[in-house]
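This briefing is intended for a reader who has the sequence and the model at hand. Please look at both before reading the points that follow.

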2 protein chains.
Amino acid sequence: MTDPSRLVTDPDDVLDERKAAILRAIVAEYVTSGEPIGSKRVVEVAQLDVSAATVRNEMQALEELGYISQPHTSAGRVPTDKGYRYFVDELRNRHRLVDDGRQSEAVAQLMGTATDVEDVLRQTTQVLSHLTHLVSLVVAPAVDTARLKLIELVNLSPQVVLVLLVTDTGRVRKQLIELLTPLTEADVDRVRSAVADSVNGRRVGEIEALVDRMADEAPPELRELLRELALAVARLEEAGPDRVYVGGRAALAGPGGLERRDLSRILELLEERVTLARILAESAVTDEPLIRIGEEHDLVDLQGTALVAQRYQLATTGSLGVLGPTRMDYANVLSSVQVVAEQLQRTLRRLSSGD
Amino acid sequence: MTDPSRLVTDPDDVLDERKAAILRAIVAEYVTSGEPIGSKRVVEVAQLDVSAATVRNEMQALEELGYISQPHTSAGRVPTDKGYRYFVDELRNRHRLVDDGRQSEAVAQLMGTATDVEDVLRQTTQVLSHLTHLVSLVVAPAVDTARLKLIELVNLSPQVVLVLLVTDTGRVRKQLIELLTPLTEADVDRVRSAVADSVNGRRVGEIEALVDRMADEAPPELRELLRELALAVARLEEAGPDRVYVGGRAALAGPGGLERRDLSRILELLEERVTLARILAESAVTDEPLIRIGEEHDLVDLQGTALVAQRYQLATTGSLGVLGPTRMDYANVLSSVQVVAEQLQRTLRRLSSGD
DNA sequence: CTCTGGCACTCGCCGGGGTCAAGTGCCAGA
DNA sequence: TCTGGCACTTGACCCCGGCGAGTGCCAGAG
């Protein structure tokens with residue numbers, strides 16, 4: 001198993017079954033209780049037919065291997081990031097995700113009332129936060145391979161034109177263009193009709209160049225608008241901050257949430273959004289969930305947090321996920337994220353390509 | 001002075017000058033230091049030519065009048081909500097807002113790069129949070145008196161139509177309509193052209209009824225779309241959650257921010273947004289800033305916080321403000337809010353009605 | 001009548017010490 | 001290899017006393 005997301009590739013990281021059982025018990029118990037777990041407690045929950053002393057020896061070994069650690073000498077053990085990592089890897093190998101149906105049902109119901117794509121994405125954050133009690137992140141589908149359905153120009157004033165771009169996935173982008181030289185309504189109309197015909201149904205990726213070429217050949221007074229139009233299309237492709245939807249921030253501050261001093265930094269990160277967009281995008285290359293735990297993050301600000309993300313696919317690809325303290329219920333989170341991703345996929349497909 | 005926002009209308013609430021000076025000193029000192037203020041400290045900062053003992057007597061009186069209180073017996077005094085209220089009322093009577101120019105300049109610069117109205121509003125939250133180190137709120141202008149500039153229909157699939165509504169203030173609303181019975185492109189075209197002519201330039205408020213009437217007279221297969229269209233317009237008017245922009249949440253968790261247990265509830269409130277929209281809307285009726293301090297809020301969740309809001313006016317009205325702990329620098333916040341409101345007004349005017 | 005210095009009082013904070021319980025590491029023996 | 005036993009460590013809790021900040025009040029001065 002060569003998982004690139006594994007930072008430490010230790011030859012000893014194949015644990016014998018008893019150690020694994022003990023680690024499992026520690027992670028599971030710690031996640032629910034939040035308190036360090038002692039050997040006695042492990043014996044109780046792990047159903048091992050050995051004494052606490054034996055477990056202690058094993059725990060010592062697990063600590064040396066880096067899977068668990070003690071907050072202080074006379075305390076129980078707490079999973080390290082590596083411990084969590086082992087736990088989730090094993091989790092995914094053992095019982096690959098049981099969707100018990102209740103989840104999908106609840107999700108489908110909660111996502112029923114949306115009135116446009118943005119609404120769907122926003123509601124998705126709600127659902128996801130509700131299921132996991134964590135901060136949820138949803139990245140809107142990429143548009144570069146989507147087809148342009150409509151370009152509309154509205155001249156709000158002689159020097160200000162509003163551009164509307166609509167893709168066949170129902171995504172809308174609007175942008176104001178401020179012109180140096182005023183244009184008449186007629187001018188704008190000419191540009192509109194010229195562009196509308198040659199653009200309809202093309203891939204977003206092709207259009208910038210196309211419009212730019214039109215600008216070269218157009219009468220001088222129209223060139224500025226066409227150039228700006230090309231730029232606006234280019235910007236449509238960017239994974240801008242407005243492509244990320246965030247929900248459930250309250251969970252961060254609630255019980256079991258983050259340390260106060262981390263909170264502020266994380267909230268900033270959530271507001272800035274472009275960094276998160278980039279990280280989430282990494283999950284879009286494969287259908288496997290992306291899981292980053294504590295030290296596995298590139299950003300120091302994300303130490304102490306774990307991210308579970310999963311892509312969803314239409315004609316194009318987007319992704320969603322949750323962010324929370326490393327001490328989270330990975331089993332539940334993993335299945336929630338996957339169920340919601342599926343459901344979102346289905347919903348968007350229904351809305352855009354009309355099933 | 002009969003201010004309706006004053007909860008307690010106490011006959012004694014006209015303080016003699018010395019008491020007022022002491023209260024001022026306590027508020028000012030407490031706001032910067034965060035620690036309860038003792039009589040000695042008051043004498044130092046308030047430049048009074050009396051002894052600490054005299055100040056103590058006055059402080060006792062102030063406490064009985066409800067302007068200050070002690071966290072515990074042997075601690076200094078802390079302003080109560082009523083104390084803050086007196087402070088800001090006096091503040092506004094004395095030196096009515098000096099804009100030193102530096103502020104406006106910084107603001108204008110920071111708001112320069114926006115590409116559409118939403119962008120401007122989002123950037124405004126950034127600027128406001130940056131100036132005040134508090135959570136900032138911006139409510140987009142109301143649209144009921146705005147004029148419709150464009151209705152566009154895009155049929156994404158036979159049963160899904162995307163409606164785009166654009167007002168002359170540059171505001172865009174998009175909504176998906178799912179039809180029970182499929183329509184051809186030609187059908188949608190017919191509706192589009194029928195609606196486009198009769199709607200252009202009308203006030204948003206009039207249009208719902210107009211489109212509904214068109215539905216009555218239209219051929220049966222087009223009725224469903226027209227009815228839905230009328231509903232979509234109606235929804236445009238609503239002060240929905242998407243009209244509120246929130247920024248600077250990180251300030252809540254930073255030093256000098258809120259208590260941890262309040263944090264979660266406030267974050268929830270910020271995410272839900274519709275409640276805030278309603279509160280902010282109250283500031284839109286007058287040009288005076290709206291100030292709510294602690295117990296003056298209707299919502300229990302907002303105890304411990306203060307809100308300072310101010311409307312801005314285009315053809316229509318919107319509002320913006322900040323939310324933070326009652327212990328905030330009211331003088332600075334008041335002027336920041338007002339400067340930013342003015343600047344936003346100017347920016348939006350430039351973008352929409354083309355100066 | 002007002003202001004002032006003085007003084008006793010209250011209370012939170014801090015550090016020390018003692019107890020408690022949890023949990024550990026290790027060892028000798030089965 | 002496992003187990004019971006045991007000494008050890010350490011944080012949590014509580015009580016205590018001293019310290020300092022700040023107060024309320026009072027008697028006396030202006």
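Near DNA strand D, at least two residues each come from H3 of chain A, helix H2 (39-46) of chain B and H3 of chain B. Helices (H or I, at least four residues) and strands (E, at least two) are DSSP runs, numbered from the N terminus. This is a predicted model, in which local features need pLDDT of at least 70, side-chain atom pairs count only at pLDDT 80 or more, and totals for chains, interfaces and linings use all residues. Residues are numbered from 1 along each chain as its sequence is written, while chains are lettered from A and ligands numbered from 1 in the order in which they are written.

**Surfaces near the DNA**

- Around DNA strand D there are 19 residues, of which A:Val50, A:Ser51, A:Thr73, A:Ser74 and B:Gly38 come nearest; a residue is near a strand if its C-beta atom, placed from the backbone, lies within 6 Å of it.
- H3(B) provides the largest share of the surface near DNA strand D, with 4 residues.
- The surface near DNA strand D holds 5 nonpolar, 11 polar and 3 charged residues. Here Ala, Val, Leu, Ile, Met, Phe, Trp, Tyr, Cys and Pro count as nonpolar, Asp, Glu, Lys and Arg as charged, and the others, Gly among them, as polar.
- DNA strand C is surrounded by 19 residues, and the closest are A:Gly38, B:Val50, B:Ser51, B:Thr73 and B:Ser74.
- At least two residues of the surface near DNA strand C come from each of helix H2 (39-46) of chain A, helix H3 (52-64) of chain A and helix H3 (52-65) of chain B. H3(A) gives the most, with 4 residues.

**Symmetry**

- Chain A is superposed on chain B by a rotation of 180° with 0.1 Å of shift along its axis (RMSD 0.1 Å). This is the relation of a two-fold axis.
- The same surface serves both copies, since 100% of the contact residues of chain A recur in chain B.
- The copies are superposed by least squares on the C-alpha atoms of residues with pLDDT of at least 70 in both.
- Among the residues of chain A, A:Arg260 comes closest to the rotation axis, at 3.9 Å (C-alpha).

**An open sheet in chain A**

- In chain A, 5 strands form an open sheet in the order S7-S3-S10-S9-S8, with antiparallel pairing; two strands pair if DSSP finds at least two bridges between them.
- Strand S7 (244-247) and strand S8 (290-293) of chain A stand at the edges with a single partner strand each, so one side of each has no neighbour in the sheet.
- Strands S9 (305-313) and S10 (317-325) of chain A pair over 9 bridges, and A:Gln310 stands opposite A:Leu320.

**Strand S9 of chain B**

- In strand S9 (305-313) of chain B, 8 of the 9 residues are buried, a residue being buried if 20 or more other C-beta atoms, placed from the backbone, lie within 10 Å of its own.
- S9(B) pairs in the antiparallel sense with strand S8 (290-293) of chain B over 4 bridges.
- A hairpin joins S9(B) to S10(B) through 3 residues.

Key
Contact = placed C-beta atoms within 7 Å. Buried ≥ 20, exposed ≤ 12 C-beta atoms within 10 Å, placed from the backbone.
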